[in-house]
2 protein chains.
Amino acid sequence: MEKQEDSIWAHCSSSSVRRASRQLGQLYDDAMGLSDLRGTQFSLITQIGYLNEPTQKELAKAMVMDLSALGHTLKPLIRDDLVELVPDEKDRRAKRVRLTPGGRKRQAEMVANWQEAQRRFDAVLGAEKSEELRRTLAFIASEDFAKAYEAAGEKGD
Amino acid sequence: MEKQEDSIWAHCSSSSVRRASRQLGQLYDDAMGLSDLRGTQFSLITQIGYLNEPTQKELAKAMVMDLSALGHTLKPLIRDDLVELVPDEKDRRAKRVRLTPGGRKRQAEMVANWQEAQRRFDAVLGAEKSEELRRTLAFIASEDFAKAYEAAGEKGD
DNA sequence: CAAATATAGTGGCATATACCAGTAAATTCC
DNA sequence: GGAATTTACTGGTATATGCCACTATATTTG
């Protein structure tokens, strides 16, 4: 038993992803420089800018994030006037997430910082491996993966 | 510019890792079953069991985690009597982290749950790719990676 | 040895993220 | 069309995680 559990920590994919996530969180946050914008926040407003005024639901899905978690994460951005919520015209339950002019500006300003961080990352890991890693991670984050994972449990479990 | 930022979200390694991390967090947490132990907590107590009564500092390093973050993360586990802190004999600043008998028991009980989650993960991604992914992520989480990343900025930045 | 510095933790504060229990609005089903 | 159900979001609570300031202890230096 001692022998067996001996390497769980190294064989756990979830753990591995989390460790890497913490490391990269540090590195990319640092790259954001003096700006008080965190890496996650840059990522979020970039996604908001990419989707066209998504509802919170749509944005949460794109971010592979829980809806309520997204709501909480948006709060500081709304408070700092980078993002605003506008009620949807047709569905009065839904609220669309939109960048304010200030938010758009901030996002644009930080692109260079992100690029530098990403450049370094690619330099260290190699462009090929970097690209492949992103592909693999995107698959893991996909609904297809979640479905297949569930299906893999249909039998024994 | 619209064209350029168009795919930042997909080309950001940090973002990719985070999305995958959220997805796996969900999946592995579910696997923990009715137990109120989260995936991260299982991961943590497993690491504690693997290292021999590490100091918080040592444990934080192994987990690629901030020392104070670790301290906070340990609190619920201490409260629930799965873990205890014992002052180091020689260095009175240091506190060693130790599993309680109950903690050891809980960890052992959850190994099967973890294995099932990991089995499914490997089944979906393929054992090869799974193994390679963990290797890559372990590298990213390593100090060598952080050093190389810093070094990659020595020039232009 | 005493002063300066470095190290290990603690506590406070802020963001990140999830679950659950509402609430309100839309959709489905007699 | 009105009741039952589903959907989109909000707010509360809890863990996850980081930074900073501070305390206590160790180590280094003059």
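Which helices of chain A and chain B each supply at least two residues of the surface near DNA strand D? The views below start with that one. This is a predicted model, where local features need pLDDT of at least 70, side-chain atom pairs count only at pLDDT 80 or more, and totals for chains, interfaces and linings use all residues. Residues are numbered from 1 along each chain as its sequence is written, chains are lettered from A and ligands numbered from 1 in the order in which they are written, and side-chain values use heavy atoms, with hydrogens and water left out.

**View 1. The surface near DNA strand D.** Chain A brings α3 (13-31), α5 (56-63) and α6 (67-79), while chain B brings α4 (39-50) and α6 (67-79), and each of these supplies at least two residues. (Helices are DSSP runs of H or I, at least four residues, numbered from the N terminus.) The top contributor is α6(B), with six residues. Sorted by class, the surface has five nonpolar, 10 polar and 12 charged residues; Ala, Val, Leu, Ile, Met, Phe, Trp, Tyr, Cys and Pro count as nonpolar, Asp, Glu, Lys and Arg as charged, and the others, Gly among them, as polar.

View 2. (A residue is near a strand if one of its heavy atoms lies within 4 Å of it.) Look for the side chain of Arg79(B), with an N or O atom 2.7 Å from a phosphate oxygen. For Arg22(A), that side-chain distance to a phosphate oxygen is 2.8 Å, and for Gln56(A) it is 3.0 Å.

**View 3. Where chain A meets chain B.** Each partner puts in its share: 67 residues from chain B and 67 residues from chain A (contact means heavy atoms within 4.5 Å). Together, the chains bury about 6,700 Å², 62% of it on carbon and sulfur atoms. Arg120(B), Val124(B) and Tyr149(B) supply 11% of the area that chain B buries against chain A, more than any other three residues. (Buried area is the accessible area, with a 1.4 Å probe, that two parts lose on being put together, summed over both.)

View 4. Lys129, Glu132, Leu133 and Thr136 of chain A and of chain B line the largest cavity. On a 1 Å grid over the protein atoms alone, a cavity is a set of points where a 1.4 Å probe fits but cannot get out, and lining residues have an atom within 4 Å of a point. In each chain, α8 (127-141) supplies at least two of the lining residues.

Notes. 1 Å grid on protein atoms, 1.4 Å probe; cavity = no way out; pocket = protein on both sides within 12 Å on 5 of 7 lines; lining within 4 Å. Polar contact = N/O pair within 3.5 Å; in protein donor to acceptor, adjacent residues only side chain to side chain.
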